[in-house]
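Dear colleague,

Please find below the structure that I am handing over to you. My findings follow it.

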Amino acid sequence: MGQVRRLVYRGRSARLVQSVKGGRQLTKATWDLPRTLGALRNSAFSEDRIGGRSVKDELRNNLIRKLQCPTPLFPGIVGYEETVVPQMVNAILSRHNFILLGLRGQAKTRLIRMLTTLLDEFSPYVEGCEIHDHPYRPICRRCRNLIQEEGDDTPIAYLTAEHRYVEKLATPDVTIADMIGDIDPIKAARRGQDISDELTVHYGLLPRANRGIFAINELPDLAGKIQVGLFNIMQEGDVQIKGYPVRLPLDLMLVFTANPEDYTARGKIITPLKDRIGSEIRTHYPVTLDQGMAITEQEAWLERAFPESAPIEVRVPVYIKEIVEQLVFLAREDKRVDKRSGVSQRLPISVLENVVSNAERRALKSKEQVAVPRVLDIYSALPSITGKMELEYEGELKGGDTVARELIRLAVGKVYDKYFEGANVSQIVQWFDIGGTLKLDEGQDAAAMVNALGSIQGLMEKLKTLKLSANEPDAVRASAAEFVLEGLYAHRRISRNEEREFGAGERKRESPREEGPPQRPNLRRQYN
Ligand SMILES: [Zn+2]
């Protein structure tokens, strides 16, 4: 491929021009590619080089070349370097069709789409062919006839790598006609052709993906009949359409995705099809909090643009990112959350985006230059949490909102411990114990909040632990101090009511009798 690329780009800038066919965007460089079969034979696309090469050979060859370079194979894929990627590499080197088994939000589709980076940049085909016939090995009757008549003048067109990728979400209503094709009896009658003649076939998705990668998401949702059709194509290149045998020796790399539980469920996948899938590769959620945070940070939309009239700087404290990620790790382990469907990595991504938006909204309202998310903003992001967790019966009884709130609180507690475990916070707790209360409003501007928080003895000094100095903007200090209070609330050292008012911890407010088993001396004293 290196050779082709050099040939194509020599001294030219790749300007976008409209191609003749199908309105596809091809680069200017493609105009310099050989346009006839004769020219093709004498180019870098010689019969020697690509004549006998299948899609799987092409992927393998390009992969081998990439493995010799130090650059990462799938840039942007975090946490799979030691697990999923090596297995995928092995599958491609083995020229296998493969399946990625994993729960939702594990970047399965994204990984599969990246396979296009292993395809040649341009791939020649017989111009006008619906199934992108190989110029040296055409399988359709039309192209075989055309090459016979035109010979070296047969026109050649090109596919880019992206155009050689077809993806289909399997649903139970997908038909053979959608997937493989249909026979048009009227067309056959008009042309006086035999009904089983290939010229009367209206091609489905699979033949149209010929010479490329065909991906089927959620394979177990595909009806058994379609699975049989798929198997026949993979096995023999033969398929029955409406009872007529049609021969389609397609050249494809087939990749699938599925939820592991659906895939292994008896009867969901026909055995011969399972047999033809060379490798089963398990994907997984990030193993460490750091990996999760790296993915979330990469995917979440945090670098936002503002109009000149409201230039706002968004600063997301690390502890906020940690709480958001921790929340997802806790949700994945929580017994109230359905394990079979999992908790997608899209959850922390949307939560963090919502958290930033809430801080943005507050900054705009109070005309502040710096927007800093607070723990409170995570609670405000409930709409991006509840829809992404499937609850078990126990969770349903409690309600999505309650479960989500409890998870946030637990996450805050864990992250708080990371910074403040063993820290002496008795002064702060005491302030509340002797009757101090503090109500924090969601819309409250940073200066007013710092002022209010400053009245709590010992609180602002604690921010040193978060490596904050007194010179930080109010918004940063307000968020940090609120995090400390939320942490104390998570550990029930202080309380917080529905109106977001912090007060004394539950133990202090309740009568001493409830602290342990009732004790006689206490009672007696009361009556004294
Ligand atoms: Zn053709």
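In this predicted model, the chain contains 25 helices and 18 strands. Of its 528 residues, 37% are buried. Among contacts with a separation of 6 or more, 74% join residues 24 or more positions apart.

The largest nonpolar core comprises 62 residues, and Ile323 and Val355 have the most contacts inside it. At least two residues of this core come from each of the helices H15 (318-333), H16 (346-365), H17 (375-379), H20 (400-420), H21 (426-433), H22 (446-454) and H23 (474-490), and likewise from strand E18 (501-504). H23 gives the most, with 11 residues. Beyond its neighbours within four places in sequence, Val355 is in contact with Ile320, Val324, Pro373, Asp377, Ile378 and Ala381. Another core, of 60 residues, lies apart from this one; Ile92, Ala170, Ile176 and Phe214 are among its members. In soluble globular proteins, nonpolar side chains tend to be buried together.

I would also draw your attention to a hairpin. Strands E10 (residues 238-241) and E11 (residues 244-247) are paired in the antiparallel sense over four bridges. Two residues separate E10 from E11, and Lys242, in the turn, has a positive phi of about 50°. Tyr244 in E11 is the bridge partner of Ile241.

With kind regards

Key: Residues numbered from 1 in each chain as written. Predicted model: local features only at pLDDT ≥ 70, side-chain atom pairs only at ≥ 80, totals over all residues. Buried ≥ 20, exposed ≤ 12 C-beta atoms within 10 Å, placed from the backbone. Contact = placed C-beta atoms within 7 Å. Pairing = 2+ DSSP bridges. Core = buried A, V, L, I, M, F, W, Y, C linked by C-beta atoms within 7 Å.
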